[in-house]
Amino acid sequence: MDKNMDENKEENMDEIKQLFKKIHNQLDASFTRAMRTYGLTCTQFDVLAYLAKEEETENTVTDISAHFGVRHTSVIHVLKILEKKGLVYRSASADARAKAIALTDGGRQLIEEVCAKCPFANEIIFAGFQETDLSLLKNMLKQVYKNLESDAFRNF
């Protein structure tokens with residue numbers, strides 16, 4: 001009986017991993033298509049949306065990198081593109097070693113335009129979920145992410 005339970009658990013975990021991949025692919029394809037209209041990639045939009053949400057805070061490359069769980073070099077590359085497009089700018093920061101990154105008026109206007117046209121994405125993605133479901137899902141996904149950040153996973 002234990003062998004069957006272990007096999008079922010393994011099958012469930014494999015199916016869950018496949019669902020993560022399918023969800024990622026679907027989100028990426030849909031958002032890539034939507035962002036192309038604005039001349040942006042999903043990653044560029046994500047950085048703009050983060051800066052809009054955190055506008056009252058002085059944001060640095062380190063902050064953005066930590067938020068998305070990516071390397072500084074990746075953030076720097078995206079920021080250079082967004083600067084060329086006139087959507088963000090860098091200015092002096094309280095920390096002399098870092099530069100604060102903020103939206104330009106054009107960046108802010110673009111975020112408002114995109115959000116006005118796409119207000120229902122979350123409602124579509126999470127249709128049928130109750131507040132308790134969302135809370136439980138968020139906690140479980142946080143645990144999955146924590147597990148993926150562990151040395152055990154990084155070194156397997």
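Biologist: What does E55 count as by its relative accessibility?
Modeller: The relative accessibility of E55 is 34%. Buried means under 20% relative accessible area, exposed means over 50%, and partly exposed lies in between, with a 1.4 Å probe and protein chains only. At 34%, therefore, E55 counts as partly exposed.

Biologist: What kind of model is this, and which pLDDT is needed for side-chain atom pairs?
Modeller: Residues are numbered from 1 along each chain as its sequence is written, and side-chain values use heavy atoms, without hydrogens and water. This is a predicted model in which totals for chains, interfaces and linings use all residues, local features need pLDDT of at least 70, and side-chain atom pairs count only at pLDDT 80 or more.

Biologist: Which residue meets E55 in a salt bridge?
Modeller: A salt bridge is a side-chain nitrogen of Lys or Arg within 4 Å of a carboxyl oxygen of Asp or Glu. The N to O distance for the E55 pair is 2.6 Å, and the partner is R108.

Biologist: How many residues apart in sequence are the parts that E55 and R108 tie together?
Modeller: Helices are DSSP runs of H or I with at least four residues, numbered from the N terminus. The side chains of E55 and R108 meet in a salt bridge. E55 lies in the loop between helix 2 (42–53) and helix 3 (61–68), and R108 in helix 5 (residues 105–117), so the parts tied together are apart in sequence by 53 residues.

Biologist: Which helix gives the largest share of the nonpolar patch?
Modeller: Such a patch takes residues with over 30% relative accessible area and no salt bridge, nonpolar side chains being joined within 5 Å. The patch consists of I16, F20, L141, V144, L148, F153 and F156, with about 670 Å² of accessible area together, by the Shrake-Rupley method with a 1.4 Å probe. Helix 1 (2–36) and helix 7 (131–149) each supply at least two residues. The largest share, 3 residues, comes from helix 7.

Notes: Patch = residues over 30% accessible without salt bridge, like charges linked within 9 Å, V, L, I, M, F, W, Y side chains within 5 Å.
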